[in-house]
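Hello,

Here is the structure we talked about handing over. Please open it first; my notes follow below.

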Amino acid sequence: MSNTHNSQNAHGDHGFETVAIHAGNTADPLTGAVVPPIYQVSTYKQDGVGGLRGGYEYSRSANPTRTALEENLAALEGGRRGLAFASGLAAEDCLLRTLLSPGDHVVIPNDAYGGTFRLFAKVVSRWGVEWSVADTSDPASVRAALTPKTKVIWVETPSNPLLGITDIAAVAQVAREAGARLVVDNTFASPYLQQPLALGADVVVHSLTKYMGGHSDVVGGALIVADPALGDELAYHQNAMGAVAGPMDAWLVLRGIKTLPVRMDRHSENAAKVADMLSRHARVTRVLYPGLPEHPGHEIAAKQMKAFGGMVSFQVEGGEEAAVAVCNRAKLFTLGESLGGVESLIEHPGRMTHASVAGSALEVPADLVRLSVGIESADDLLADLQQALG
């Protein structure tokens, strides 16, 4: 196993399910172990000064377990290079410091993960990077937000927490015309449901903590790129900055990915049933799920996604206190942040995951509840939500 991260081409003729199991998962040459070992090691014996075995010298720079994951990620997203980080925000931080310089400008979505907004508003802005907000579901809004200094257009689709849909191909065209790079956070969809690079994106971002790991037992992040030269730049900065995925974390994500297709099928199936029930409930004023025909992004989502995913948000009558009460009454749905695990989660974005966007253009409705629909029995999930709604 080398750390060149280009083995994904060998899997180009295979189906996604096959690639998820086999890409990067080379049998151990010493023992024949079919699962890559956890190389819990910091340094590597050199065969003479500069004589590196497989390119490995120090595990911040490269580690064989991380290499296996990075090769797998690149293959699943159809990219030329994948890089694994200690968290999704570590991946985003590395990307922004690689692509941007003081004085540059970024277009960010009006609906995005609160941690991403905090990174732009409280951290990167102190470095002299400017940003403005656009409704990325409308390419004209993105175009209007551009300046001569725009270097990056940032998109989440489906977005967090309002489940907005962006036409990736259309915004990629806007980015090309502007000479900017398009970054797509693909965390909610996963590469099983959507592959932004094939639609014209330059970089895909993942919180591996979510659907890729899938079991609420690991924190990680990733970048996947179409351009090998950009991949080299990112790898340089990853090594220079050091927020890499540890070998145990990489191993856990790699294990989770093997069941990603079957999990996403069940997540999507259950979420569709939940969204349908909520859309008919008297106490629910609005359901946000791209699988519903009335969702404004439904047609685009149907075009660029394999299915509609496991995330559902909804608004309830009675305002903020009523929404909080629904969260507190849920029993099978665990009250907690994060998403994408096999177990169902419920949360109040305004007070939890998106508290950092309060008072900004990204502020979320106070009566909003967000669900991460797991893979339990759908009937049990529906019953729990019905009792929580009262």
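**Sheet, aromatic pairs and pocket**

Strands β8 and β9 (residues 311–316) run antiparallel and are joined by 4 bridges. One of the residue pairings there is V287 with F314 of β9. Please keep in mind that this is a predicted model.

The two strands belong to an open sheet of 5 strands. The order is β8-β9-β12-β11-β10, and the pairing is mixed. Which strands stand at the edges? They are β8 (284–288) and β10 (334–335). Each has a single partner strand, so one side of each is left without a neighbour in the sheet.

Helix α12 (residues 319–329) lies across β9, β10, β11 (345–347) and β12 (368–372). Its direction is at about 135° to β9.

Next, the aromatic rings. A search of the whole structure gives 5 aromatic pairs. One of them is Y44 with Y56, a tilted pair. The ring centres are 5.7 Å apart, with 35° between the planes. Y44 and Y56 both sit in the loop between α1 (16–22) and α2 (64–77). They are 12 residues apart, and the pair links distant parts of the chain. Are these two tyrosines buried or exposed? Both Y44 and Y56 are buried.

F120 and W154 form another aromatic pair, this one edge-to-face. Here the distance is 5.5 Å centre to centre and the angle between the planes is 85°. F120 lies in helix α4 (residues 114–123) and W154 in strand β4 (residues 150–156), so the pair ties together parts that are 34 residues apart in sequence. F120 and W154 are buried as well.

Helix α4 comes up again at the largest pocket. That pocket has a volume of about 410 Å³. Its lining is made up of 29 residues. Which of them lie nearest the centre? They are L89, Y113, N160, S207 and K210. The elements giving two or more residues to the lining are α3 (88–99), α4 and β6 (203–207). Of these, α4 gives the most, with 4 residues.

So where would I start looking? Helix α4 is my pick: F120 of its pair with W154 lies in this helix, and α4 also gives 4 residues to the lining of the largest pocket.

Best wishes

Notes
Residues numbered from 1 in each chain as written. Predicted model: local features only at pLDDT ≥ 70, side-chain atom pairs only at ≥ 80, totals over all residues. Heavy atoms only, no water. Phe/Tyr/Trp six-rings, centres within 6.5 Å; stacked < 30°, edge-to-face > 60°. Buried < 20%, exposed > 50% of the residue type's maximum accessible area, 1.4 Å probe, protein only. Pairing = 2+ DSSP bridges. Contact = heavy atoms within 4.5 Å. Axes fitted to C-alpha atoms, helices over the stretch in contact; angles between N-to-C directions. 1 Å grid on protein atoms, 1.4 Å probe; cavity = no way out; pocket = protein on both sides within 12 Å on 5 of 7 lines; lining within 4 Å. Points joined across faces, edges and corners; volume = space filled by probe spheres on them.
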